[in-house]
Amino acid sequence: MTIIVTGAAGFIGSNLVRALNARGETDIVAVDNLTRGDKYRNLADCQIAHYLDKEDFIEELASGGFDGEVSAILHQGACSDTMEHNGKYMMDNNYQYTLALFEWCQAEEVQFLYASSAATYGAGGKGFYEDPECEAPLNVYGYSKLLFDQVLRRRIDSGQITAQVAGFRYFNVYGPREWHKGRMASVAFHHFNQYRESGKVKLFGEYGGYPAGGHTRDFVSVEDVVKVNLWFLDNPEVCGIYNVGSGRAQPFNDVAVAAVNACRAHDGLPPLSLAELVAQGILEYTEFPDALRGKYQCFTEADLTLLREAGYDAPFYSVEEGVQRYVDALLAG
């Protein structure tokens, strides 16, 4: 039976394809939009059975071309640009497309694992629990993710689920195969490149009551994100919406220190503390941009209670562990 991965040439999608390959799965249909052709590089070292453009795929799905042939859809494809203001495009791409895949999977009794987002929580003033009281997105991207989560909740509550559906509220994911994301790539990726190119790393200055570099997020390695997806694939009885983060908030300063020191280790240099990095001018702070004021998550931290109760018990990498592994991969590659 075929496994379909949407967004397969993207960051999380391509990591999933590689992980499926490592398990011996090659009957994979990769779905994406390769208008930007160089994204093919994320699939070049993968084994897939077929590739389809996202528009051709949804048409073939609707026409019955995949009926009876699919065991699971891992839906990672979306517009993840939080600064995209075209609401029509965002809702068509993120909400309507997800809804169409969900309805097909329910009709065919096919597992459906999809990417939601921690952006559904907005500023997180009421915490980061998978609960409507905590949800207040700050942009149309977050709303496009929340709207489908709400559809799923209603279906589950009414007992109308015919096959596994699980949504993953990803927090700040970093790791290999994100090179194509530009400014939307992780801070770990940007810090690595800034340091290698200029010997310096830049972070936002003080804002919202947080000190320079002190804005704090739940940074989660894509390696852990993949493990969660595969665990749900192996446990088809588990349905719902789940946070996927490390469960541990760490400041941006920690990411910068980890990235710089991982690079320094490769260069045979000793590690430096945060204070030493600032004193030596390696870490610099810039004024917080006006465009992000009122639209920025100063703090995020995944509550993993529901994920743990569902049965997922593997540990998550800390920033120090995960960024070290990431830098090793970048330098090897």
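These legends accompany a set of close-up views of one predicted model. Residues are numbered from 1 along each chain as its sequence is written, and side-chain values use heavy atoms, without hydrogens or water. Local features need pLDDT of at least 70 and side-chain atom pairs count only at pLDDT 80 or more, while totals for chains, interfaces and linings use all residues.

View 1. Helices (H or I, at least four residues) and strands (E, at least two) are DSSP runs, numbered from the N terminus. Along the principal axes, the C-alpha atoms fill a box of roughly 65 × 45 × 40 Å. Of the 333 residues, 54% are buried. Buried means under 20% relative accessible area, exposed over 50%, and partly exposed in between (1.4 Å probe, protein chains only).

**View 2. R18 and D45 form a salt bridge.** Their closest N and O atoms are 3.9 Å apart. The pair links distant parts of the chain, 27 residues apart. R18 sits in helix 1, and D45 in the loop between strand 2 and strand 3 (50-53). R18 is partly exposed at 38% relative accessibility. D45 is partly exposed too, at 37%. A salt bridge is a side-chain nitrogen of Lys or Arg within 4 Å of a carboxyl oxygen of Asp or Glu. The whole structure has 14 of them.

**View 3. D38 meets R36 in a salt bridge.** The N to O distance is 2.7 Å. D38 is partly exposed, with a relative accessible area of 27%. R36 is partly exposed at 38%.

**View 4. D290 pairs with R293 in a salt bridge.** The closest N and O atoms lie 3.1 Å apart. D290 is exposed, at 61% relative accessible area. R293 is partly exposed, at 38%. Elsewhere, salt bridges that share partners join E135, D149, R153 and R169 into one network.

**View 5. E25, D27, D67 and E69 form a negative surface patch.** E25 lies in the loop between helix 1 (11-22) and strand 2 (28-32). E25 is partly exposed, at 30% relative accessible area. Patches are made of residues with over 30% relative accessible area and no salt bridge; like charges are joined within 9 Å, and nonpolar side chains (Val, Leu, Ile, Met, Phe, Trp, Tyr) within 5 Å. Asp and Glu count as negative, Lys and Arg as positive; His and the chain ends are not counted.

**View 6. E109 has a positive phi, near 55°.** E109 is a residue other than glycine. Its place is in the loop between helix 3 (87-108) and strand 5 (111-117). E109 is exposed, with a relative accessible area of 60%.

**View 7. R177 has a positive phi, near 80°.** This residue, too, is other than glycine. R177 is found in the loop between strand 7 (172-174) and helix 5 (187-198). R177 counts as buried, at 17% relative accessibility.

**View 8. L274 lies in helix 8 (residues 274-279).** L274 is partly exposed, at 33% relative accessibility. L274 and F299 are 25 residues apart in sequence. In space, their C-alpha atoms are 20 Å apart.

Key
Areas by Shrake-Rupley, 256 points an atom, 1.4 Å probe, with all protein chains shown as cover. Charge placed at Lys NZ, Arg CZ, Asp CG, Glu CD.
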